[in-house]
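Student: I've just opened this one. Please walk me through it, bit by bit.
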Amino acid sequence: GYTDGEVTVSREDKPYTCFTYMAESSFIVDSLKPYHWYKSLVFLGAEYLHFPAGYLSSIASVGSIDDSDLERTKANELLIGKITQYR
C-alpha cells in the first residue's frame with residue numbers, strides 16, 4: 001500500500017529533497033489511528049529535529065489507540081524510554 005518517492009521541504013527558506021514512503025490513496029482509511037507508541041516515536045523524532053512548535057502541536061493533537069500486540073508495545077516503550085533518557 002505504499003510507494004516511495006521524493007518530496008521537497010523547506011526549513012529556514014532552504015529547500016531539502018527527502019526520500020519518503022507515501023500511502024497509495026486506495027489504502028488510506030481516515031478513521032484509522034496510530035498506536036500510542038508510534039505517535040510517541042513520531043513526536044520524539046520531530047522534537048529531536050527541532051520541528052516548529054505548531055507542527056509538534058499537530059502531532060500531539062492526533063488521537064491514538066492501544067496496540068493489542070503487547071510484545072510490540074513493550075519493545076517500543078523500551079525504545080521510547082531509552083530515547084527520552086538522552087533528551
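Tutor: Start with a definition. A helix is a DSSP run of H or I with at least four residues, and helices are numbered from the N terminus. Keep in mind that this is a predicted model.

Student: OK. Where is the place of valine 42, then?
Tutor: Valine 42 sits in helix 1.

Student: How exposed is valine 42?
Tutor: Valine 42 is partly exposed, because its relative accessibility is 34% and that class runs between 20% and 50%.

Student: And what separation do the C-alpha atoms of valine 42 and valine 7 have?
Tutor: They are separated by 18 Å. Along the chain, valine 42 and valine 7 are 35 residues apart.

Student: Back to helix 1. How many residues has it, and what does it reach from first C-alpha to last?
Tutor: Helix 1 has 13 residues. From its first C-alpha to its last it reaches 18 Å, close to the 18 Å expected at 1.5 Å a residue.

Student: Which residues of helix 1 are buried?
Tutor: Trp37, Lys39, Leu44 and Ala46.

Student: What do those buried residues pack against?
Tutor: Helix 2 and helix 3.

Student: Take helix 2. At what angle do the axes of helix 1 and helix 2 cross?
Tutor: Roughly 175 degrees, and the axes come within 10 Å. That makes helix 1 roughly antiparallel to helix 2, because angles over 145 degrees count as roughly antiparallel.

Student: Which residues meet there, between helix 1 and helix 2?
Tutor: From helix 1 come Lys39, Val42, Phe43, Ala46 and Glu47. In helix 2 they meet Leu56, Ile59 and Ala60.

Student: What happens just after helix 1?
Tutor: Histidine 50 takes a positive phi of about 60 degrees. Histidine 50 lies in the loop between helix 1 and helix 2. At 58% relative accessibility, histidine 50 counts as exposed.

Student: What about aspartate 13, what phi has it?
Tutor: A positive phi of about 60 degrees, although aspartate 13 is not a glycine. Aspartate 13 belongs to the loop between strand 1 (2-11) and strand 2 (14-23). It is exposed, with a relative accessible area of 79%.

Student: New topic: helix 3. How far apart are its end C-alpha atoms?
Tutor: 21 Å. Its 15 residues should span 21 Å at 1.5 Å a residue, which agrees.

Student: Which residues in helix 3 are buried?
Tutor: Thr73, Asn76 and Ile80. They cover an arc of only 75 degrees around the axis, so they are on the same side of helix 3.

Student: Why do residues three or four places apart point the same way?
Tutor: Because an α-helix has 3.6 residues a turn.

Student: Which residues are exposed on the other side of helix 3?
Tutor: Glu71, Lys74, Leu78 and Lys82. As for the buried residues of helix 3, what covers them includes helix 1.

Student: What caps the N-terminal end of helix 3?
Tutor: Aspartate 69. One of its side-chain oxygens lies 3.2 Å from the backbone nitrogen of glutamate 71.

Student: Where is the place of aspartate 67?
Tutor: In the loop between helix 2 (53-60) and helix 3 (70-84).

Student: Is aspartate 67 buried or exposed?
Tutor: Buried, because its relative accessible area is 7%, and buried means under 20%.

Student: Which side chain does a polar contact join to that of aspartate 67?
Tutor: That of tryptophan 37, at 2.8 Å. A polar atom of the aspartate 67 side chain also lies 2.9 Å from the backbone nitrogen of aspartate 69. Not counting residues up to four places away in sequence, aspartate 67 touches Tyr35, Trp37, Arg72 and Thr73.

Student: Last stop, proline 34. In which loop does it lie?
Tutor: Proline 34 is in the loop between strand 2 and helix 1. It is partly exposed, with a relative accessible area of 23%.

Student: How far apart in space are proline 34 and glycine 63?
Tutor: 7.4 Å, C-alpha to C-alpha, and 29 residues apart in sequence. Leaving aside neighbours within four places, proline 34 is in contact with Lys39, Val62, Gly63, Ser64 and Ile65.

How values were computed:
Residues numbered from 1 in each chain as written. Predicted model: local features only at pLDDT ≥ 70, side-chain atom pairs only at ≥ 80, totals over all residues. Heavy atoms only, no water. Helix = DSSP H or I, 4+ residues; strand = E, 2+ residues; numbered from the N terminus. Buried < 20%, exposed > 50% of the residue type's maximum accessible area, 1.4 Å probe, protein only. Polar contact = N/O pair within 3.5 Å; in protein donor to acceptor, adjacent residues only side chain to side chain. Contact = heavy atoms within 4.5 Å. Expected span 1.5 Å × (residues − 1). Arc of directions from axis to C-beta. Axes fitted to C-alpha atoms, helices over the stretch in contact; angles between N-to-C directions. Parallel < 35°, antiparallel > 145°, perpendicular 65-115°, else oblique.
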